[in-house]
Amino acid sequence: MTTSLNRDANLVEDVGFAEPPPKLAHYTWLQSAWRELRRAPLTARFGLIVILLYILTALFAPLIAPYPETEIVGGAYEGWGKQFILGTDQLGRDMLSRLIYGARNTIGIAFVTTMLAFLLGGALGILASVLRGWVDEVLGRFVDVLMAIPQLIFALVLLSIVGTSVVNLVLIIAVLDSTRVFRLSRAVAVNVAVMDFVEAARLQGEKLGWIMSREILPNILPPLVAEFGLRFCFVFLTVSALSFLGVGMQPPTADWGSMVRENATLITYGDITPLLPAGAIALLTVAVNFVVDWFLHKTSGLRNEP
Amino acid sequence: MSLSKQAVDRRSSTPGALLEILGLRIEGQSDEAWHEIVKGVDLTLRRGEVLGLIGESGAGKSTIGLAAMGYARPGCRITAGSIRFDSVNLADVSEAERRKICGARIAYVAQSAAASFNPAHRIIDQYVEAPLQHGVMGKAEAKRTAVDLFRRLRLPDAEHIGFRYPHQVSGGQLQRAMTAMAMACRPDLIIFDEPTTALDVTTQIEVLAAIKDIVHQFNTAAIYITHDLAVVAQMADRVMVLRYGELVEEAPTGVMLTKPQHAYTKSLWAVRSLRKEEEEPGEGALLSVHGVNAGYRAAVKVLQDISIEVPRGRTVAVVGESGSGKSTLARVITGLLPPLKGQIVFDGKPLPPALKGRSKDMLRRLQMIYQSPDTALNPRRRVRDILGRPLQLHSGLTGKARERRIVELLEMIELDQHFIDRLPGELSGGQKQRICIARAVAVEPELIICDEVTSALDQIIAEGILKLLLRLQKELNVSYLYITHDLATVKAIADWIVVMRDGRIVQQGAKGQVLTPPHHPYTDLLLSSVPEMATGWLDNLMAERAARKAQQLLKSADQ
């Protein structure tokens, strides 16, 4: 700190009456992240902890789960008890183990899908904002057409045409979801693309790829990261919904959406077991939203007015 | 807190003071810590007096201006001191009470009228809001007084201009409408926060004259905040010079102009005297523009028949008001806007009209520096990358050699080598502009287009930038095409002057020739509109112009 003050003092002599030396505090990325975290509101901390737990569960599913994912270990619809903590499903598979493996499948697929959607939508969005003109026009109208068709129905139709497989599922949802990413990234990138530093880069002879990835992308990252959280929730819900409808993940793979459907009849007997996977979905969605809210608040520079 | 208040109370108020600020301390929050930005300032203002607050940005002048209304910006807090307005301490009373006291009696005129008006409502509707809300007068009466004020402020078509929307009047008119709005409740005190900084010189003096007149007519006290000394010389009875949130010097305007005491004040005064000796045109033209027409759509011609020459190692200044097409000229030369007609020749070879057609070496030889260093530097890239990238791209430098060259460049622009790791957000305005200059000279260009490079900076910082540009020209024999609306910088830097208006060249010639009479009428208007550092200058000028107009009227009557 003192050295930085000294060098500013030298500068003042050179420039004449320059501004007072700015006080600089350089933190490493980790330090500032920790600093932010300590001051995060309760909801954000809760969200972070929940997400962390989900991720750990997904990563270490084989270690945590008492039984294998697809093996029939008992009778159908056994109640909660010592042997099967949350009972068994309609075929006699352990409910708790399937819940744990379900985290792995559902979250994993949702994450991959969201990544794909962002790669596609983000790249095209920035491209449209830089090139404008007919590229922007064509991409924009094409996205309008895609968005005009209800997403779930469109996905259902496409899946029934090309057949249900995990790859198809991921690709179709990614493409459909990338439309919204496209809109967002184009909207924020347009404001950056008109800045002088982008023009300066063009005058230096920089290529399109450089301008997109180095000049524009870093400046629109905060809203994109926030959107990533929200999109992840939606993708996750879509996957679950499609699985519930029977065109998503196929048995015997454990998936929260299909688990709700398969055991739905239990509800009529007053058993809340089918609500557990639904609850798992809800909890994660809420947690992600808490974190995204906090992040958006931080990056958009809003102040907490008393 | 209570102790300091007692102390303040004992220093009882000056009789007859309308506003008395004692020991004002204000803190601002940045980076989770509170820093003092106003450090114990005293200020007294009598009825009908105009006080000028001057200083560079960051001197705390706007903060003090707002504090005079008992208000602190979000992220700021008043920690000590009293603000006595007509014997009520505004620092003590609640928000609601303050609004009751100040609402009708203190008004504020912001720097950018365009940003302060609501674009969705007509001017008159926004005008009547304050008088209605404070119960000063009814709607019909407010509208009547509005027309009167508009007329006094010399707005054209005073009866109807209020019924326009903010975007339908010019910037200077809007600033006057805002002054009328501030006057609506006949306040005792108006705070003007750099009301003319965003305006052209010719518009500026109209607004200044209008403001000066109306303040005198209503005997309103005013605090006039500006960084322009010549402006304050016209407007204020008394001047306070501020720096880093402290008072440097305070004196009546006449005394302050002729006998500044403090070294800092003297240095402020000295800025305007920077001059460059005019040099001979030198060896041949580096850039010549022949009969260029350009426009954004075929129908709208922004440039018409522009021909200029930039000799090697010399500076050509392009002067004009906003809308004169000078920035478009820069876009044409850089290839961002291909001309509709005409040719641009660079170093004896015709320059391809569009950016795409130009070779990498061509791009290297022609660099550009922008008006606003805030938007010209990518906020997410460090100085190392900002300067290193063009080096890598054009000179193929990498690793140690590149690093060495960056440090060399930093030395060239008088910055310490530690700046290499900083982000643009960690630099001051002047330092950012220096980095922009370094980026331009990094690849050893032959021509640099400077688009209003000092207009976003304070005078002292701007002087530093001009000196740097002059030095670099000597060292690197680079040519400048210097675009500006500010004639003071033209005097400081140019060898050759091109005066533009409405997309055409009005006059061009060597500096000495353009600046010595007889002038072209438009050049004369521009030159005479540059405020001078003498107290009576504005009054004299307005009287002179009025007399000339009367003469012309008489003449036409005779015929």
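Helices (H or I, at least four residues) and strands (E, at least two) are DSSP runs, numbered from the N terminus.

The structure is a predicted model, in which local features need pLDDT of at least 70 and side-chain atom pairs count only at pLDDT 80 or more, while totals for chains, interfaces and linings use all residues. Residues are numbered from 1 along each chain as its sequence is written, and chains are lettered from A and ligands numbered from 1 in the order in which they are written.

In chain B, an open sheet of six strands with mixed pairing has the order β16-β17-β18-β13-β19-β20, where two strands pair if DSSP finds at least two bridges between them. Because β16 (366-369) and β20 (504-510) of chain B each have a single partner strand, they stand at the edges, and one side of each is left without a neighbour in the sheet. Neighbouring strands of this sheet are turned by 15° against each other on average, direction ignored. Strand β19 (residues 496-501) of chain B runs antiparallel to β20(B) and is joined to it by six bridges; in β20(B), Q507(B) is the bridge partner of V499(B).

Helix α18 (residues 429-441) of chain B packs on the sheet, where it touches β16 and β17 of chain B, and its direction makes about 175° with that of β16(B). Axes are lines fitted to C-alpha atoms, for helices over the stretch in contact, and angles run from 0 to 180 degrees between N-to-C directions. Helix α19 (residues 459-476) of chain B packs with α18(B) at an angle of about 20°, with their axes 10 Å apart, and the two helices are therefore roughly parallel to each other, a term for angles under 35 degrees. Among the residues of α18(B) that meet α19(B) are Q433(B) and I437(B), and their counterparts in α19(B) include I465(B) and L468(B).

Elsewhere in chain B, I54(B) lies in strand β3 (residues 50-54). With 26 C-beta neighbours inside 10 Å, I54(B) counts as buried, a label that requires 20 or more other C-beta atoms within 10 Å of its own, with C-beta atoms placed from the backbone.

How values were computed. Buried ≥ 20, exposed ≤ 12 C-beta atoms within 10 Å, placed from the backbone. Contact = placed C-beta atoms within 7 Å. Parallel < 35°, antiparallel > 145°, perpendicular 65-115°, else oblique.
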